[in-house]
Amino acid sequence: MIYLVTLISAIVVNNFVLTYFVGICPFIGVSKKIDSALSMGLAVTFVMTITAVVTWIINHYVLIAFGLPFLEYVSYIVVIASLVQFVEMFIKKTSPALYRTLGIFLPLITTNCAILFVALIQAMRELGFLESMVQGFGAGVGFTLAIVIMAGIREQLEVADIPKAFRGAAITLITAGILALAFMGFTGLTSA
Amino acid sequence: MADVAVHRSITTEFMKGIVRDNPVFVQVLGMCPVLAVTTSVANGIGMGLATTFVLVFSTLIASTVKGVVPNQVRIPVYAVVIATFVTIADLVLKAFFPPLSASLGPYVPLIVVNCIIMGRVEAFATRNRPGISLVDALGMGAGFTLSLMVLGAVREVLGSGALLGVPLFGEGFSPMLVMILPPGAFLTLGILMAVFNAVKAKNDPVLIRT
C-alpha cells in the first residue's frame, strides 16, 4: 500500500516538473513533438530508476557506513554521469534514429536536475530501498506524463496565432503554468 | 571561435551575459532554481551569488585543465569539479547563513546540474583561455543573479505584498497567493520573457531570435 501511495504521489501529486521545477530544461527543450517527448521521457525514467537504486546503495553502504556525507554530491554526480554515458552508448548502438532525435539532450540528462533530485530526496527523506526505487520510477513516469502532455499542447500551438513577443519559450512557460495549476487539483490526494 | 573571442573586448564579453545572451531570458537555461527559489528577492540573490561562485571557479579550472582531460571523459571530470565547488558553497551557506540555506533547501545541491554551468564550461571555457573565461563567467553570473532578483521582486510584491521582507501595502491588500505557488513561477517568468523579447525587438530588431 505504501508503495502505491509513493508511486501516485510521485506521478501526479508531487510531479517533479510541475511542483519541484526539476527537469525543466528537457521539458521545454524536447517538448515540440510527441514522439521525441516520449522517448526523452522513457530515457529519463530508465536512468532515474537505476539512479535511485544505485545511489541508495552508495548512500547506505559507503557514505553513511564510512561517515563521508560531504562526498554526497560528488559521488552522486559521478554515478549519474557514468549511467548516462552508458545509456548513450547503448542507444547509439541499438537505435541510431532515436539517437538523432534526442541529439544534444542525451548528454544533458547528466545535467537534468530531476535525476540528481531523485538521489537527493531519497537521502533527505530517508526512504527504504524499495520505496526509493518506486519513487524513482514514479518520478520518471510523472516526468514522461508532463512532457508528453506538454508536447501535445505545443503541437496544437504551432497553428495558433501567438503574439510575436510570446513566441518560443515565453508561451511554453505560460502553458506550463496553466498545466501546473491543473496539477494542483491533485493536492491532498495523498498525504506524502 | 577562439580567435573571435580573443579579439572581443572584455566589456562586451561581460555585458553579453547580462543582455544579449542572458542565461535566463535568452538562453532559457538553469530553469529549476529560477522557478523554484524566486519566491522572494533575498532567496533570488542568495541563489544567484552561490551559482556565480560555482560558475566562476568551475570555468577557471575547466579552462586551465582542458588540455590534459581526454575528450571522452570530459563531462564526468567537469561534473566532479562543479560538484566540489557546490559542496563548498553548500557548507559555507549552512555554516554562516543557516536561514538562507534552509529556505533554498535541496536547490543548493542542485546547482551541480545547473545547465548554465555545464553549458558555459562546454561552450566557452574549454575553447578559450582562463582570463576571458573568467570574464564570461562573471557576466553570465551577473545576468543570472539579476534575472533572479527581478523575478523574485515581482513574485514577492504580488504574492506576499512585501519587498525584501518589508510590507509595502496597507491592511487592505490581499496577496495573490498563486504568485508564490508553482504556477505563479511559470506564469511570471513567461510574461517577463515576453516583455524582455518585446523590449529587445524594439531596440535591436536584428538580434531577436524567433
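The model is predicted. Chain A averages a pLDDT of 82, and 93% of its residues score at least 70. The contact between the chains takes 40 residues from chain A and 34 residues from chain B.

**Confidence along chain A**
- Helix 8 (residues 129-157) of chain A has the highest mean pLDDT among the elements of that chain, at 89.
- Helix 6 (residues 96-102) of chain A has the lowest, at 74.

**Where the chains meet**
- On the side of chain B that touches chain A, helix 3 (31-36), helix 5, helix 7 (115-123) and helix 9 of chain B each give two or more residues.
- Helix 9 of chain B supplies the largest share of that side, 12 residues.

- Helix 9 (residues 169-183) of chain A packs against helix 9 (residues 182-203) of chain B at an angle of about 165 degrees. Their axes lie 7 Å apart.
- An angle over 145 degrees counts as roughly antiparallel, so helix 9 of chain A is roughly antiparallel to helix 9 of chain B.
- The crossing of these two helices is left-handed.
- From helix 9 of chain A, the residues that meet the partner helix include Ile171(A), Leu173(A), Ile174(A) and Gly177(A).
- From helix 9 of chain B, they include Phe186(B), Leu187(B), Gly190(B) and Met193(B).

**Helix 9 of chain B**
- This helix has 22 residues and reaches 32 Å from its first C-alpha to its last. That is close to the 32 Å expected at 1.5 Å a residue.
- Its buried residues include Pro182(B), Gly184(B), Thr188(B), Ala194(B) and Asn197(B).
- The cover over the buried residues includes helix 2 (16-19) and helix 9 of chain A, along with helix 3 and helix 8 (130-160) of chain B.

**Helix 5 of chain A**
- Helix 5 (residues 72-94) of chain A holds 23 residues, which should span 33 Å at 1.5 Å a residue. The end C-alpha atoms are 33 Å apart, so the two values agree.
- Among the buried residues here are Glu72(A), Tyr73(A), Tyr76(A), Ile77(A) and Ile80(A).
- The buried residues pack against helix 4 (34-63) and helix 7 (113-124) of chain A, and also against helix 5 (74-96) of chain B.

**Ile2(A)**
- Ile2(A) lies in helix 1 (residues 2-13) of chain A.
- Ile2(A) counts as exposed because it has 11 C-beta neighbours inside 10 Å, and the cut-off for exposed is 12 or fewer.
- Ile2(A) and Met89(A) are 87 residues apart along the chain, and their C-alpha atoms are separated by 36 Å.

How values were computed. Residues numbered from 1 in each chain as written. Chains lettered and ligands numbered in written order. Predicted model: local features only at pLDDT ≥ 70, side-chain atom pairs only at ≥ 80, totals over all residues. Helix = DSSP H or I, 4+ residues; strand = E, 2+ residues; numbered from the N terminus. Expected span 1.5 Å × (residues − 1). Buried ≥ 20, exposed ≤ 12 C-beta atoms within 10 Å, placed from the backbone. Contact = placed C-beta atoms within 7 Å. pLDDT = per-residue confidence, 0-100. Axes fitted to C-alpha atoms, helices over the stretch in contact; angles between N-to-C directions. Parallel < 35°, antiparallel > 145°, perpendicular 65-115°, else oblique. Left-handed = near helix turned anticlockwise from the far one by under 90°.
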